[in-house]
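Welcome! Please take a moment to look over the sequence and the 3D view below, and then we can walk through them together.

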Amino acid sequence: MRCCAAAAWRKPLKRRDVNGPPHANSALRRLLGLLLLAGMLAFGGTVAEAHPHVWITSTSELLYAPDGSISGVRHAWTFDDMFSTYALQGLETKTKGVYSREELGPLAQTNVESLKEFGFFTFAKADGRKESFLEPVDYFLEYKDALLTLHFTLPLKTPVKAKELALEVFDPAFFIDFKFTDKDPVTLVGAPAACQMKFQRPNDGSANAQKLGEQNFMSGDNSNYGAMFANKITVECP
């Protein structure tokens, strides 16, 4: 997808065979081109017209090493039904309507390769200092109940012990809307017992967000409009 989220989704690429059956990646990239155009039109208008074009339901796990340092983040991103359906068009499988992990492998690889350009839509700070991630590992796509879910792990470039870890998941351009599940949206895996986690959902209906959005559009600065809709995770450890 060019990302599983917006990367490839925003850059149309040429099909390999225009006359033959659509290739899965090509079909997805065509959709991304259309979505990009829609997004550009939205941002060229008023703030009221700005809205996401891909919807992702997410769960995340913060991974800790035995010494108490955080080592990475494991995401599971489930795409909306329209995006999932379109992404699978033209994908040949042994059994119609059944998509194995192996058959979805190339599409999963396209996703994770595209994520890098957008910082994996995952932004971390440890004790106020920005942290970087390595390339995704252990990634795969799962097809269930007519929806695609991308599973992947983001290792921190350098595992770090922090009294306060701040993690945000969002698309700065608000092309993609990230919504965490109601049940167990974020879990700590292997964290020291004394660590406490807080999760804050975006206050996307607030008057302050609307006012700030209008100011951004008036000034022509919409590059980080999606930050108002960020999912915020904070972990405090003694």
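## Getting started

Accessible areas here come from the Shrake-Rupley method with a 1.4 Å probe. On that basis, the protein exposes about 12500 Å², and carbon and sulfur atoms supply 53% of that area. Please keep in mind that this is a predicted model.

## The overall picture

Counting its secondary structure, the protein has 5 helices and 11 strands. There are 238 residues in the protein, and buried ones make up 47% of them.

How do contacts relate to distance along the sequence? Take the contacts between residues at least 6 apart in sequence: 73% of these join residues at least 24 apart.

## The nonpolar core

The largest nonpolar core has 44 residues. Which of them touch the most other members? They are Leu 62, Trp 77, Leu 115, Phe 133, Leu 148 and Val 235. Strand S6, covering residues 147-160, gives this core its largest share, with 6 residues.

Beyond its neighbours within four places in sequence, Val 235 is in contact with Leu 62, Tyr 64, Lys 163, Glu 164, Leu 165, Leu 188, Cys 195, Gln 196 and Met 197. Leu 62, one of these partners, is also listed among the core residues that touch the most other members.

## The largest pocket

Next comes a look at open space. The largest pocket holds about 260 Å³ of space. It is lined by 13 residues, and those closest to its centre are Thr 122, Phe 123, Ala 124, Lys 130 and Glu 131. Strand S3 (122-126), strand S4 (129-131) and strand S7 (164-169) are the elements that each give two or more residues to the lining. The largest share, 4 residues, comes from S3.

What classes of residue make up this lining? There are 6 nonpolar, 3 polar and 4 charged residues.

## Glu 164 and its partners

Setting aside its neighbours within four places in sequence, Glu 164 is in contact with Lys 125, Ala 126, Asp 127, Thr 234, Val 235 and Glu 236. For Lys 125, the C-alpha to C-alpha distance to Glu 164 is 8.3 Å, although the two are 39 residues apart in sequence.

## Two aspartates in loops

Asp 145 is found in the loop between strand S5 (137-144) and S6. Although Asp 145 is not a glycine, its phi is positive, at about 55°. Is Asp 145 buried or exposed? Its relative accessibility is 66%, so Asp 145 counts as exposed.

Asp 184 also has a positive phi without being a glycine, here about 50°. You can find Asp 184 in the loop between strand S8 (176-180) and strand S9 (186-189).

## A buried serine

To finish, find Ser 84 in helix H3, which covers residues 81-87. Ser 84 has a relative accessible area of 0%, so it is buried. Apart from its neighbours within four places in sequence, Ser 84 is in contact with Phe 79, Ala 146, Leu 147 and Leu 148.

Methods
Residues are numbered from 1 along each chain as its sequence is written. This is a predicted model: local features need pLDDT of at least 70, side-chain atom pairs count only at pLDDT 80 or more; totals for chains, interfaces and linings use all residues. Side-chain values use heavy atoms; hydrogens and water are left out. Buried means under 20% relative accessible area, exposed over 50%, partly exposed in between (1.4 Å probe, protein chains only). Contact means heavy atoms within 4.5 Å. A nonpolar core is a set of buried Ala, Val, Leu, Ile, Met, Phe, Trp, Tyr and Cys residues joined through side-chain atoms within 4.5 Å. On a 1 Å grid over the protein atoms alone, a cavity is a set of points where a 1.4 Å probe fits but cannot get out, and a pocket is an open set with protein on both sides within 12 Å along at least five of seven lines; lining residues have an atom within 4 Å of a point. Grid points are joined across faces, edges and corners, and a volume is the space filled by probe spheres set on the points. Ala, Val, Leu, Ile, Met, Phe, Trp, Tyr, Cys and Pro count as nonpolar, Asp, Glu, Lys and Arg as charged, and the others, Gly among them, as polar.
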